[in-house]
Amino acid sequence: MPVRAINREIRAALAGNSTKIMLLHPGARHNLGVALPEGTELTIDGPAGYYVAGLNDGATVHVHGGVGWGAAESMRDGVVTIDGDAGNAVAAAIRDGVVVVRGDASTRAGIAMKGGVLIVGGSVGPMAGFMMQKGIIIICGDAADGVADSMYAGTVYVAGKLGELGADAVVEEFTGGDRDLVYSHLERWKIPAPAAGFRKLVAGRKLWNFQKADRHLWKSAL
C-alpha cells in the first residue's frame, strides 16, 4: 500500500472509534502515523523510515524496530517509543511529551527541543541537544563531540563518555533532585540504569547576549 493509503486507513479506523491500531509489515516506509490525535495508540510492528510520528498531537506510537531521520519531529505532545536505533534529528523541535530510543541515536538528537523529554538507552552522535531551548535529554551511553552546543536552556544528562563539549556547554553539579528525575524516567520506561553515574550539562549563558570577549564562542556556534 502507498503511504497515503496507509495513513488514510489509520484515520478511517480512528473515525470508526478504533483507538488501538496495529500496522503490520511497515517495510521502513516514510511518514507513517503523522499528526495523530490524543487517545490514539498506534503500534508499528517493524522498522519505519523518515519522520515517523511527526507532528504528533498527543498519540502514543510504539515502533518495534529502528527508524530513519526525524522521528517524532515537532511533536506537540504524546509518547513515541522506538525499540531500535534512530536516525538523525530524533525528537527535533518537540514541545512536550516523551520520546524513548532504546538503542542508539544518530546526529543532532533533540535538536531545537522546546520542551519534553528525550531518553536514549544507548549512545548519541555529534551535536546532541544542539540549540535546545527547553526540556531534558537523558543519554545512558556516550555522547559524541558537540553535545549541548549553543543551548539556550534545557538540561542534558550523560552517563557515558563525553566528546568535546559544544559551544557554551558547561558541566553542573548532579544533585539529588537530578538523580530522582533521571532514574524515575529510566524506571518508568524500563531502561536499565547505567553503572556509571550521570553528568549534567547546561547552558553557560554566554551566548544569551553578545560580549566581545566571547566572540570565539559565537564563531564556533555559527
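The model is predicted, so local features need pLDDT of at least 70 and side-chain atom pairs count only at pLDDT 80 or more, while totals for chains, interfaces and linings use all residues. Residues are numbered from 1 along each chain as its sequence is written, and side-chain values use heavy atoms, with hydrogens and water left out.

**The sheet**

- Ten strands form an open sheet with mixed pairing, in the order β1-β2-β3-β4-β5-β6-β7-β8-β10-β9; strands are DSSP runs of E with at least two residues, numbered from the N terminus, and two of them pair if DSSP finds at least two bridges between them.
- At the edges sit β1 (20–24) and β9 (169–172), each pairing on one side only.
- On average, neighbouring strands of this sheet are turned by 15° against each other, direction ignored; axes are lines fitted to C-alpha atoms, for helices over the stretch in contact, and angles run from 0 to 180 degrees between N-to-C directions.
- Five bridges join β3 (residues 57–63) to β4 (residues 77–82) in the parallel sense, and Asp 57 stands opposite Asp 77 in β4.

**The helices**

- Helix α1 (residues 3–15) spans 18 Å from its first C-alpha to its last, close to the 18 Å expected at 1.5 Å a residue; the expected span is 1.5 Å times one less than the number of residues, and a helix is a DSSP run of H or I with at least four residues.
- Buried residues of α1 include Ile 6, Ile 10 and Leu 14, where buried means under 20% relative accessible area (1.4 Å probe, protein chains only).
- The cover over the buried residues of α1 includes β1 and β2 (41–45), with contact meaning heavy atoms within 4.5 Å.
- Helix α2 (residues 176–188) lies across β6, β7, β8 and β10, running at about 70° to β7.

**Asn 56**

- Found in the loop between β2 and β3, Asn 56 is buried, with a relative accessible area of 0%.
- Its side chain reaches the backbone oxygen of Ala 59 at 3.0 Å and the backbone nitrogen of Gly 58 at 3.5 Å.

**The nonpolar cores**

- The largest nonpolar core has 46 residues, and Val 61 is one of those that touch the most other members; such a core is a set of buried Ala, Val, Leu, Ile, Met, Phe, Trp, Tyr and Cys residues joined through side-chain atoms within 4.5 Å.
- A second, separate core of 16 residues includes Val 117, Ile 119, Val 182 and Trp 189.

How values were computed. Buried means under 20% relative accessible area, exposed over 50%, partly exposed in between (1.4 Å probe, protein chains only). A polar contact is a pair of N or O atoms within 3.5 Å; within protein, one must be able to donate a hydrogen and the other to accept it, and residues adjacent in sequence count only if both atoms are side-chain atoms.
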